[in-house]
Amino acid sequence: MSQPSYGTTACRVLAIPEILELVFSFLDQRKDVAKTALVCRNWSEVALDNLWRDVDNIHRLFGLLAPIQPDEFSREDGFERPLEPVDWARFSRYARRVRALSSSNIEELLHGRVVFDEVARTRPTLNILPRLSKLSWVTEKSESMQLSLMFMHENIRHFTVALVPSDTYSLSIYLQEIALRMPALTHLDMRFRFPVRDIQEDLCKLFDSLPHLQTVVLPKFTLSAPVIERLSRCPKLRVIQFEFIPSQGAGDVSDVHNWFPVLKEGAFPELLDISVSVHLPHMIRFLSTEFFPANLTCLYVHVLYIVPPYQVQEYLEATAQSCQQLKQLYIDFVGDPSPLLFRTVLPSDDRIGWNTIRPILKLSKLIDFQIHWDSPFAISQGDLEDLAASLTRLEILDLNTEPLPTPEPPSLTLSALIPFARHCPKLRQLGLYINASDVDLDAASRELYATLPPVRFRSLEKLLMGLSRIVSEPRIALFLSEILPLGCTVSAGVSWPEGFNAMEAQTAEDGAVLVDMWTQAGHWYKRWTAVDNLMSLLIPVRMQERARRDELEREVEDLRVRCRLMEDRARVGVPQDGGCILL
C-alpha cells in the first residue's frame, strides 16, 4: 500500500481519522467501504474499523477463520479443514474491531453446531471478541440460544436475547450464566412468549446480580408486582419499558391482574422512565404509595380494560400530584387483552371530556401528551383554546385520533388546529379526531388572517388525522396549505396491533353499521393521502404568495410614509422643490 501525500488541504483533512470515519459512514458498508481499505495504510485501519464495527452475519464472521461449507452427509455446516494458529492470528486482526454482534436468524446462516464446537475447541483466548460491547441473540431454538454463551464476557454492556424454554436446558442456569459472565450490563432486553411467573424468581435474582443496570426491556404482561419490587432496588436503573412488537413476546395477562407492588424507602433512586400494562385503578394506588419515584420524566400506561372517565380523571390527578417533573405522559388502550367494542350509541357518561383531562394543566413541564381511548372525546373548540393557551410548551399532542368511529360525526372541525398554531410554537406533532368538512372553512381562513402576522404553525412536522372524516380533499388541502409549514406531512389510518380485526360489535345491528363505517374509513384514508400529496405542491405556492404579499405591503407602507411627509411639508408651508425624499 502506498503512503498518502499531504500536499493539499483535502489530503490533510482526510488524514484526520474522525473525519475519514464520518465520510465512510455514508458509504455502502460491504461494497464501497471495503474498497477504501485498499487505498493506503491509514485509510485501511479506519475502513476496517468501520466495516467490522457492527456484525450481523455470524457466517461472515467465522468465515474469516476458514471457508465454511455443508457436510454432504449430515448437511451441517463445518470448516473445510481443521483450524490452525495462523487462522486465529488472522482472525484476531478483525475480531478486535467488532463492537456489536447481532444474530437474529442464526439457524439460516449456520446449520448445526459443528462450526461453534470447532471454534470453542480451538480458540486461543476465552474472549474471541474482546472489545464486544453489544450482543443481540434472537433465535427460535433453545440449542441456538445456548450458543450465545460463547460470546459473553465482562466488557459487554448491552444484551438482547430471546429466551426459549427447553426440556434439556434450564432457563434458570442460563440466567445465572448471564449474571456470571456479564456483570457490568447496563441495558438488558429480554424477549419470551411464556408467562413471567415461570422464571420470576430467577429473573429477580438476575436483577440483583446486575448493579450497573440502567435499562430493562421486557414483554408486555411481564412487569408483575414482584418484578417491579425487585427492580426498585436497582441503584442505577433509569428506564423500565415493554414493546408491542411481536418478536418481544407478551407473557400472560393474568400475571398483572393483581398488581399491588410494595415499595420501600429508597425505591427507584434514579428512575426516569417507566412503562407498565395494568388496570388503571391499580396504577392510581401505585402512584399514591409513599415511596413512589418523584423524579419521573416519562410515564406510559397501557390500560388493560376500559374504565369510566372519572377514574381516568383520578389517575391524572394522582399523576399531577406525584410526578411534577413529568415531561412525557401516555395513556394507551389498544384493545389488548380486551376487545374494542363498537357501539352506535355512546352514553355521555362513557365519554372523556375536558374536565377529565384538565389535571394535566398542573404538569408545568409537560411537552408530550398522548391518549388513545375506545370512544371519541366530548371536547369543544373552547376546551382546545384553554388547553393550547395553558400548555404552550407542548411539542407532541395526540388527543385520541383513532377512536371507534360512530355514525355521529365529531363536533370538532379544522378550526381546532388554530389554537395550537396560535399558542404552541414548538409543536412538532399534532393528532386530533375531527370532521374535516368545508362548512366553516371560509370562517376559519378569515380567522387565520385576523391578526398580523397570520396564524401559522412554526415547527409542525406531522399532522395525524387517524380516523377523522373528510369530504372534499381539494378545499381541505387549500386550507391546510395556509396553516402548515413546508415539509409537514398529513397522515391517517389506525395503528392498532391487529388493525380493523381488533373490533367487535355489541349487537347484530351494530355489526351492520360497523361494516359500513369501515367502508367509509377506507375512503377517508384515501382522501387524506390525497391531501398529503397535494401539500408538497400547495405549500411552496403559498410561501411564494406570502413573499409577494409581504413585498407589496412594504411598498405600500413606503408610499404611505412618503405621502405623509409631503402632506406635512405642505401643511407647514415648505415649498415643493422637486427634490427626493430620503427615508
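This is a predicted model: local features need pLDDT of at least 70, side-chain atom pairs count only at pLDDT 80 or more; totals for chains, interfaces and linings use all residues.
Visitor: By class, what residues does the lining of the largest cavity have?
Guide: Nine nonpolar, two polar and one charged. Ala, Val, Leu, Ile, Met, Phe, Trp, Tyr, Cys and Pro count as nonpolar, Asp, Glu, Lys and Arg as charged, and the others, Gly among them, as polar. Residues are numbered from 1 along each chain as its sequence is written, and side-chain values use heavy atoms, with hydrogens and water left out.

Visitor: OK, what counts as a cavity here?
Guide: On a 1 Å grid over the protein atoms alone, a cavity is a set of points where a 1.4 Å probe fits but cannot get out. A pocket is an open set with protein on both sides within 12 Å along at least five of seven lines, and lining residues have an atom within 4 Å of a point. Grid points are joined across faces, edges and corners, and a volume is the space filled by probe spheres set on the points.

Visitor: How many cavities of 30 Å³ or more are there?
Guide: Two by this rule. The largest cavity has a volume of about 120 Å³, and its lining includes Arg 351, Phe 377, Asn 400 and Tyr 433.

Visitor: Where is Asn 400 found?
Guide: In the loop between strand E15 (396–399) and helix H17 (417–423). Helices (H or I, at least four residues) and strands (E, at least two) are DSSP runs, numbered from the N terminus. Phi of Asn 400 is near 55 degrees, a positive value in a residue other than glycine.

Visitor: Is Asn 400 buried or exposed?
Guide: Asn 400 is buried, at 2% relative accessibility. Buried means under 20% relative accessible area, exposed over 50%, and partly exposed in between (1.4 Å probe, protein chains only).

Visitor: And Phe 268, what is its phi near?
Guide: Near 50 degrees, again a positive value in a residue other than glycine. Phe 268 sits in the loop between strand E9 (239–242) and E10, and counts as buried because its relative accessibility is 4%.

Visitor: Switching to pockets: how much space lies in the largest one?
Guide: About 240 Å³. Of the 15 residues lining that pocket, the closest to its centre are Tyr 300, Asp 332, Val 334, His 372 and Ser 495. Strand E12 (328–332) and strand E14 (368–372) each give the lining at least two residues.

Visitor: What about the whole chain, how many helices and strands are there?
Guide: The chain has 20 helices and 21 strands. Of its 583 residues, 48% are buried.

Visitor: Which parts do the buried residues of H13 pack against?
Guide: They pack against H12, strand E10 (273–278), strand E11 (298–303) and helix H14 (309–322). Helix H13 (residues 280–287) has six of its eight residues buried, so it is largely enclosed by the rest of the structure. Among those buried residues are His 282, Met 283 and Phe 286.

Visitor: Is Arg 193 buried or exposed?
Guide: Arg 193 counts as exposed, at 55% relative accessibility. Its place is in the loop between strand E7 (187–191) and helix H11 (200–208). Leaving aside neighbours within four places in sequence, Arg 193 is in contact (heavy atoms within 4.5 Å) with Glu 140, Pro 246, Ser 247, Gly 249 and Gly 251.

Visitor: And what does Ser 224 contact, leaving aside neighbours within four places in sequence?
Guide: Val 196, Gln 200, Asp 255, Val 256 and Trp 259. Ser 224 lies in the loop between strand E8 (215–218) and helix H12 (225–231), and counts as buried at 2% relative accessibility.
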